[in-house]
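Hi there,

Here is the structure I promised to pass on.

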Amino acid sequence: LDIDINKKGATIAPDMWGLFFEDINFAADGGLYAEMIKNYSFEFPSPFMGWRRIQEDGAMGYHYTKPHLDDSKNKKYLQIQRLNDQGNFGMSNEGFRGMAVKENENYRLTFIAKVAKGENLSINAQITKGKKILAETTIDQLTDEWKSYEVMLKATETADGVNFKVLLDGEGELDIDMISLFPEDTWMGRKRGLRKDLVQLLADMKPGFLRFPGGCIVEGFDLENRYQWKNTIGDMKDRGTMINRWNIEFAHRNAPDYFQSFGLGFFEYFQLAADLGAEPLPILSCGLACQYNSGEMVPLAALDEYVQDALDLIEFANGSTDTYWGAKRAEMGHPESFELKYIGVGNENWGPQYIERAEIFEKAIKAAYPEIIIVSTSGPSPDGHEFDYLWKELKARNAELIDEHYYKSPEWFRENARRYDDYDRSGPKVFAGEYAAHSTTENDALKRNNWEGALSEAAFMTGLERNADIVRLASYAPLLAHVDGWQWAPDMIWFDNLGSYATPNYYVQKLFSTNPGTQIIQITENGNTLAGEEGIYASSTYDENTKELIFKIVNTNTESRAFTVRLNGNYKGKGNGKWLELQSDDLTEAHSLKEPKRIVPEENDISIQKKKIQVSLKGQSVNVFRLKI
Ligand code: AHR
């Protein structure tokens, strides 16, 4: 193989390898967003969903929900009426597909309450496993005015399948609402924060961008169900609750209890992107609901509200604190700009209906914010006529970035490493915004990210990197999935309520995102790029920050292959290089909570002699080399 280190080619976008986040598979509520109480404010259409009434050992009374009389989006509260002083009386919450605690960790309980009737009432808050109490505290000094309370509960042991209980002691009536329980130990220790283990996995990838909030949830089943960012900022009582578009019922993926509390809202997404050092990339509804569902579309004459949401979002992210939306951002704790550069208009929408709406957005956004880069959609599949139609129409309108999605078989990924070799360099750039190799098996266990998928994605990604002059951004999708509550697989990271694991696909993504480079350099065999000939794929870059050559070779053959890599040109490096290898002989190999690290990169030194590297690459391996030049 030959690499001419003098021939540095096109610049690679510094934010090329990023993350696609969607609240699917309980990725937000019940996942990244560390709230442990399901239906914390009794706003689900069935107001006691997630809750169970407790009335034990002769206790008597009633449980109701009642309307708040103010005009906040928090419309209902719980009233517990206790008629005698015997036994246990109150409510128990089941969490999101269960609830878990860790030994010696603190859990912050917050709620608002007021005594509606009675004297000397108190609350006994418990975390229980069966009959065993793992944490307990008493809250007295309750008053007859709505007031906020905050207490800590410390767990005496690690357990999954626990319940949270709120018990009323004393005869009388207690109004209570927004009952929320979070681990104290969240990402960056923030109150109402994010799960530390999950964010750490994301941070370790050093992602270039964070796309949010989806996916199909941007569009909604219908327009009312679309994601509206203004309902997701500010005080929790002003955020409301909405049915999640992935609230679907079929087979074991049943999720009729899937709602969005918006505790992870647009402020938190921007904050997360900033924490990760990633560019925020919000996607907004373009006025077309999911065309696979209702296909509802807002008339052009009524599109203003949608366009205004986009303009206001840019002001929310970047506007000075003197602006209306910039001031809201500052109130939430971030007076500095979030430095938004991109905005997406629509997700997987198609047809002339998309083009005419996208044009209106483009005109308004560019008039107010010419520097913002607009991401347009190319529909759901790269095969259909809609894709060709959208590309043609968007190109004619000088679109800047077009979002392509492909969920295809592992073979497709291996066979399409040349996908971008012939793309028109004078047209729009590509955002490979959602992709993943899907094995065709019906076996759910195998759908959970096996090595064949990950290896095939790596092969394909060398093609993205070779074509980084046109492929500006790329992200695997979806990102997160709860092992007991998923609607879509494969996914990059899986979790339950206690722990999480990264898949082989995660390690492939991480190898690319943490070894990117700043310019493309050709790596060839007999003058030809390697994109699957004899099962070998390769790409190479130069990193001007570290003055390193980085090259990646994927061997999809079952047997090993030996190569001599010649460093042509002005090579002055000294010493060894670094070799990261990800490999498995078993294409069906996958990770699990019990075995999370079967396929992880191994690091070795590699020697360079007389401007040559001799390597033998194992069968079914992804290899990354770094050396000073
Ligand atoms: O990633 C899962 C879904 O796939 C996304 O919501 C949608 O954009 C695509 O169809």
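**Helix packing and other findings**

The axes of helix H10 (residues 451–466) and helix H11 (residues 504–513) come within 8 Å and cross at roughly 20°. Axes here are lines fitted to C-alpha atoms, for helices over the stretch in contact, and angles run from 0 to 180 degrees between N-to-C directions. Helices (H or I, at least four residues) and strands (E, at least two) are DSSP runs, numbered from the N terminus.

Before going further, please keep in mind that this is a predicted model: local features need pLDDT of at least 70, side-chain atom pairs count only at pLDDT 80 or more, and totals for chains, interfaces and linings use all residues. Residues are numbered from 1 along each chain as its sequence is written.

Angles under 35 degrees count as roughly parallel, over 145 as roughly antiparallel, 65 to 115 as roughly perpendicular and the rest as oblique. H10 passes H11 in a right-handed crossing; a crossing is left-handed if the near helix is turned anticlockwise from the far one by less than a right angle, and right-handed if clockwise. On the H10 side the contact is made by Trp451, Gly453, Ala454, Glu457, Ala458 and Met461, and on the H11 side by Pro504, Asn505, Val508 and Phe512. Two residues are in contact if their C-beta atoms, placed from the backbone, lie within 7 Å. The residues of this contact of H10 with H11 divide into seven nonpolar, two polar and one charged. For these classes, Ala, Val, Leu, Ile, Met, Phe, Trp, Tyr, Cys and Pro count as nonpolar, Asp, Glu, Lys and Arg as charged, and the others, Gly among them, as polar.

With helix H5 (residues 324–331), H4 (residues 304–318) packs at an angle of about 45°, the axes being 7 Å apart. That makes H4 oblique to H5. Asp312, Glu315 and Phe316 of H4 make the contact with Trp325, Gly326, Lys328 and Arg329 of H5, and the residues of this contact divide into two nonpolar, one polar and four charged.

With helix H6 (residues 351–368), H4 packs at about 30°, and their axes are 10 Å apart. The crossing of H4 and H6 is right-handed. Here Val307, Ala310 and Leu311 in H4 meet Ile360, Phe361, Ala364, Ile365 and Ala368 in H6. What classes do the residues of the contact of H4 with H6 divide into? Eight are nonpolar, with no polar and no charged residues.

Next, the ligand. It is surrounded by 13 residues, and the closest are Gly215, Cys216, Glu348, Ala477 and Pro478; a residue is near a molecule if its C-beta atom, placed from the backbone, lies within 6 Å of it. By class, this shell has six nonpolar, four polar and three charged residues.

A few backbone details may interest you too. Most residues other than glycine have a negative phi, and most peptide bonds are trans. A cis peptide bond joins Gly214 to Gly215, with omega about 10°, and Gly215 sits in the loop between strand S15 (209–212) and helix H2 (216–219). The peptide bond from Ala489 to Pro490 is also cis, with omega near 5°. Asn39 is a residue other than glycine with a positive phi, near 60°.

Best wishes
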